[in-house]
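Here's a quick tour of a model, written to be read with the coordinates open. Have a look at the fold first, then come back for the details.

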Amino acid sequence: MHKDLNPQDVVNLCKEKSVKFVDLRFMDFPGLMQHFTVPVSELSAGSFEEGFGFDGSSIRGWQAIHESDMLVVPDPRTAVLDPFCTLTTLILYCNILDPITKQRYSRCPRCIAQKAENYMLSTGIADVANFGPEAEFFIFDDIRFDQTAHSGYYFIDSVEGVWNSGRDEKPNLGYKPRYKEGYFPVPPTDSQQNLRSEMADIMMQCGLEIEAHHHEVATAGQAEIDLRYDSLTSIADKLTMFKYIVKNTALRAGKTVTFMPKPLFGDNGSGMHVHQSLWKGGKPLFAGDKYAGISQECLWYIGGLLKHANALVALTNPTTNSFRRLVPGFEAPVNLAYSSRNRSACARIPMYSPSPKAKRVEWRVPDPSCNPYLAFAAMLMAGLDGIQNRINPGLPLDKDLYDLPPEEKANIPQVPGSLAEALDHLEKDNEFLFKGDVFTKDVIETWIDYKRTNEVLPMSLRPHPYEFFLYYDI
């Protein structure tokens, strides 16, 4: 991915690299990347204005069948050679436009992210919003699941899982991380060092900047690879490429990856802490002389995140499984407070570096199941609302929030406990998202309806396997 490419540069690149096919990619509403492929002969400099037609009626949450014709318009700055295709294939990320009006499609997640950046510019508050996501994931060796009218189960396996410490593996060589002890041991306990390095290497070949990678806390192959921060839409593009590379590199090695927030009971789930900061004229706006070396604007930004947190969760933690991780008293931050260094607060001010350029807010609630274009845009809109309305975040809470006495803990608000509850909050608190027509009412209404109909309701109708343990003998 190269930000300085123009349409003719992409056409020239195709000739230089003997590209055979062009893969046109776009994000669906819930957050999975979609694509279709055309021969390279179909691509010209004009394609970046004229686009390519396709039927949008089968894309989740999109057009009805009677108005399904849509355009994908590629962004030349996203051009990258696919590292996995047998025949040389160029990937281009696209925006979705209405073929009649040529206006951005309101439910195109990438368009929403771009509108959020444009709205920020229009306010004069900042000219760049940098985001740095830390997406955690699991690398498993086997996954099976099914749900029928009379049965339901899932089965996960990993050669690294501590539950296999007594399995006859002919031979079993041990070195399986114990529950919650997977953080930073060297190989051979960290059995996936080489695989993560391969993932990171392919990412760097594709233009992604990598800061570090390591084993995460959980047993059974929990991992983290850290992307260097970038502007909002660009980092969302990179995060989707990140997922593509992680999954396909693992598949090539005979393994499977999930970004599901809580696949294992009894060990840490996968979060996605999101570092964010505003800049103007090349200068950081979040450095100052207030608490922990941050500015008044940064405090107001935090105030916006905290005020709208309950609604944000419906976009940053948008699955029923997300709330298996967001449980009070366990590893994920659910307390709506801010602090320096204290990782039990939802908003943290990292203190790694004294440099003003390093001042940022780390919002620790999100998880990697989110649609990054929508999640990052929503967080930015909440923060901007905080600055515009000078929302006071209150006093910082530097105590260990997990060990507070009950009377103190009762006074600290917490994020919603379920997707249904989060959607109720989004239904009531959404005006901040409509500024600048970034999110439209149609988008929010469709999101809420889709989630309730396709996820909340189906989950509520199905017996849970553990219910049989609890209640079968009643």
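## A loop residue to start from

Leu-285 sits in the loop between strand 15 (283–284) and helix 6 (296–307). Helices (H or I, at least four residues) and strands (E, at least two) are DSSP runs, numbered from the N terminus. Before going on, a note on the source: this is a predicted model, where local features need pLDDT of at least 70, side-chain atom pairs count only at pLDDT 80 or more, and totals for chains, interfaces and linings use all residues. Residues are numbered from 1 along each chain as its sequence is written, and side-chain values use heavy atoms, with hydrogens and water left out.

Leu-285 is partly exposed, at 22% relative accessibility; buried here means under 20% relative accessible area, exposed over 50%, and partly exposed in between (1.4 Å probe, protein chains only). What does Leu-285 touch, leaving aside its neighbours within four places in sequence? Its contacts (heavy atoms within 4.5 Å) are Ile-125, Ala-126, Leu-278, Trp-279, Lys-280, Ser-295 and Glu-297. Asp-201, on the other hand, is 84 residues from Leu-285 in sequence and 33 Å from it in space, C-alpha to C-alpha.

Now to helix 3 (residues 109–123), which holds Arg-110. Arg-110 is buried, with a relative accessible area of 4%. Thr-233 is 123 residues from Arg-110 in sequence, yet the two are 7.0 Å apart in space, C-alpha to C-alpha.

The structure holds 24 salt bridges, each being a side-chain nitrogen of Lys or Arg within 4 Å of a carboxyl oxygen of Asp or Glu.

| Salt bridge | N to O distance | Relative accessibility |
|---|---|---|
| Asp-75 and Arg-77 | 2.9 Å | Asp-75 7%, buried; Arg-77 42%, partly exposed |
| Asp-168 and Lys-170 | 2.9 Å | Asp-168 58%, exposed; Lys-170 68%, exposed |
| Lys-176 and Glu-169 | 3.3 Å | Lys-176 12%, buried; Glu-169 22%, partly exposed |

Salt bridges with shared partners also link Asp-75, Arg-77, Arg-110 and Asp-237 into one network.

## Nonpolar cores and a surface patch

In soluble globular proteins, nonpolar side chains tend to be buried together. A nonpolar core here is a set of buried Ala, Val, Leu, Ile, Met, Phe, Trp, Tyr and Cys residues joined through side-chain atoms within 4.5 Å. The largest one has 123 residues, and Phe-242, Leu-278, Phe-376 and Phe-439 touch the most other members. Helix 9 (residues 372–388) supplies the largest share of this core, 12 residues. Setting aside residues up to four places away in sequence, Phe-376 touches Phe-131, Pro-133, Leu-232, Ile-235, Ala-236, Leu-239, Met-272 and Val-274. There's also a second, separate core of six residues, including Phe-138, Phe-140, Ile-156 and Ala-220.

Ala-220 is worth a stop. Its place is the loop between strand 10 (210–215) and strand 11 (222–227), and it is buried at 0% relative accessibility. Ala-220 has a positive phi of about 65°, although it isn't a glycine.

Most residues other than glycine have a negative phi, and most peptide bonds are trans. The loop between strand 9 (152–157) and helix 4 (193–205) contains Pro-171, and the peptide bond from Lys-170 to Pro-171 is cis, with omega near 0°. Pro-188 belongs to the loop between strand 9 and helix 4 too, and a cis peptide bond with omega of about 15° joins Pro-187 to Pro-188. Phe-184 is also found in the loop between strand 9 and helix 4; Phe-184 has a positive phi of about 80° without being a glycine.
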